[in-house]
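Work through the exercises below with the sequence and the model at hand. Each task is followed by its solution.

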Amino acid sequence: MSSTNAKALNSMKQKLKKNNKEYEDLIQKYKENPVEEEFLEEEEVETNCEAEVPKHEENQDKREKEDGWERKSGKKSKLVLDKQQFMSDPCQVTWETVNKKYKEVAAVRGRKGTRWFELVEQLIFLAKFAKTPAQKLEILLSIVSAQFDAGLHGHMPAHVWKKSVHNMLVILDILVQYPSIRVDDKVEIDDNESQKGADYKGTIWVNGNLAGFVERLDNEFFKSLQSLDPHTTEYIDRLRDEPMLFLLAQNFQEYLEQVGDYKAAAKLALRQVELLHYKPHDVYDAMRKLAEQRESADNGEAQAATSVFLETPELVRRRPAFVESNRAMMDILVSLIYKYGDDRTKARAMLCDIFHHALNNDFYTSRDLLLKSHLQDNIHQMDNSSKILFNRAMAQLGLCAFRSGLITEGHSYLSDLYLGGKVKELLGQGVSRSRYQEMTPEQESLQRPYHMHINLELLEAVHLICAMLQEVPNMAAVNTNKKRRVISRAFRWLLENQTFIGPPETVRDHVIAATMALLKEAKARSIVSQMIMNEELHARLDQPTGCIVFHDIEHTRLQALAFQFSEKLSFLAESNERATELRIGGGGLELSTRHRDSQDYGAGSTSMSGRWQENLSFTQGRQGGTTRRTGYRSLTYGHTGYQDAAHGGSRRIGYQSASSGRGSQMDTSTRLVSLNRVFVLKGTL
């Protein structure tokens, strides 16, 4: 239903509510007994038309009255059961008489002009005179089946639904009281099968499908919640009938287990799981307490509705059996389904189990169940209702991951829901806003009642926050690694198409505004981090204080060239020393005084330029390509500054000590002058 039609419907309901205040007494009287009132009104209309019956039909009417039927003519002629014939002498009524009338009433069902409440009234009257338990059970099953006709063009009214539930409980009372009677729709049954009495030693078969009846009542309850306005008291009153449905499914599940029909019992267990899986523990406790409070009221209503069956004792309980923990109840039910259910039943039970574990913040158990079941691989082959259940489980799993602090997992489970922009359709919570689009009948049947909805604003907020916490660092690191892929395209699209920048209003606006505020600092951090990684800036980021700590002063271009020139001269000096040793052949000669002075002067100049040389390798690697010779920075000959292992000087420690002790007998002052000049240049730079 579109938003315009929904507003018009609510407006009309409010006007009717004001108008009906003048007729509250009449409305209440009709609600107490609606079937009889309608029947009496129709009877009065048809009585006025009796004068129009031709005379040549009077003889035929007499013959029909003798058979126990009375013809009433009008716009739509029909046969009405002659109750006076049964009430005049009940002792003369036999099984054959009741069976004949039952067959005739059942044959009228579905014909044009036949109203369901007339059939129900006639069948209830016949059930009083049933002669065997099997015959009574057969008539009761027909009564429930006829009551289903009230929901052919919508859903069953609440009062009819409640009477059907009570009739089903009476049916179960008969089955428990007479274990020899069995209900099945796959067995060929004789027409006189219900004639067998309670003393019959064998099995008495009655045509029917108990699990199908319970499932139909569940569907009618679901449809009634779909059609009601969730913001009215009528919706809340209807929700209070949920324990009654749970009771019915629970009782019939236990009976089917007793008779060995485990497959049907698994189907009813699934209905209970679907009623429980979306309820947190607090809601479960509230439903359990409500069932305890309404026990006496339900029993009184049941007696009023089934007063014609007083001879049947109440053998099954009239209150659902709830355990203390909803998780324990779920474990009992899903264990039965996993053991005896078919493929579809097992898959839906698994999805409900995953949803419930995620609802209770048990992420890892929920995730393991999903991975072990491989439902994500086969879900596209299932029906639409199961697909919606799968989407709901994924949404709840994403919320659970977010609550557990698992941002990456939460985003992975929620991202698929937001790819197409139709989250409402995927979760069965309406359709996306469209001016000319309304829900199809199939979409309406798949919608979840309001109390089962997942908060869409909360879901969107979690999805966007997870995307923001992953995408912002990813965007900041794109400059250093071009191969990084986009994590959330939907989030990127929202961020890049933010045309109007104003005060945030929606959840989406707040997350985008937070992202923009976060990106300002992140952009600066990314630039500094890139410079540090590329060795353009010798510093580090101090995150607690938000500061950049520099380790050294950046060298100029002239300084870098001077360092390269110094390295080349150092290599040349070492070559000269080797040549001198080869010519002299070693010995304990001392270096000249001028040579020693040059060593001392070189050592002093080296200490002056230590600040430039300490981290020279970083700059030389980029500009001179001479990083492999960073160990030969100066001719200090044995000074500790040259032996710094961090700069590669450990390889030449032995050679430097020997050369300082041996000295040279050759006059090398000419070559050393140029070296001294280089040291002076380094010290002044």
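**Exercise 1.** State which residue in E6 Ala539 stands opposite, and how the two strands pair.

Solution. Ala539 stands opposite Phe550 in E6. Strand E5 covers residues 539-542 and strand E6 residues 547-550; helices (H or I, at least four residues) and strands (E, at least two) are DSSP runs, numbered from the N terminus. The two strands pair in the antiparallel sense over four bridges, where pairing requires that DSSP finds at least two bridges. Four residues lie between the strands of this hairpin, and Gly546 takes a positive phi near 70°.

The model is predicted: local features need pLDDT of at least 70, side-chain atom pairs count only at pLDDT 80 or more, and totals for chains, interfaces and linings use all residues. Residues are numbered from 1 along each chain as its sequence is written, and side-chain values use heavy atoms, with hydrogens and water left out.

**Exercise 2.** Classify the aromatic pair Phe363 and Tyr413, and say which helices hold the two residues.

Solution. Rings of Phe, Tyr and Trp (its six-membered ring) pair if their centres lie within 6.5 Å; planes under 30 degrees apart count as stacked, over 60 as edge-to-face and the rest as tilted. For Phe363 and Tyr413 the centres are 6.2 Å apart with 70° between the planes, an edge-to-face pair. Phe363 lies in helix H18 (residues 363-373) and Tyr413 in helix H21 (residues 407-415), so the pair ties together parts that are 50 residues apart in sequence. Both Phe363 and Tyr413 are buried (under 20% relative accessible area; exposed is over 50%, partly exposed in between; 1.4 Å probe, protein chains only).
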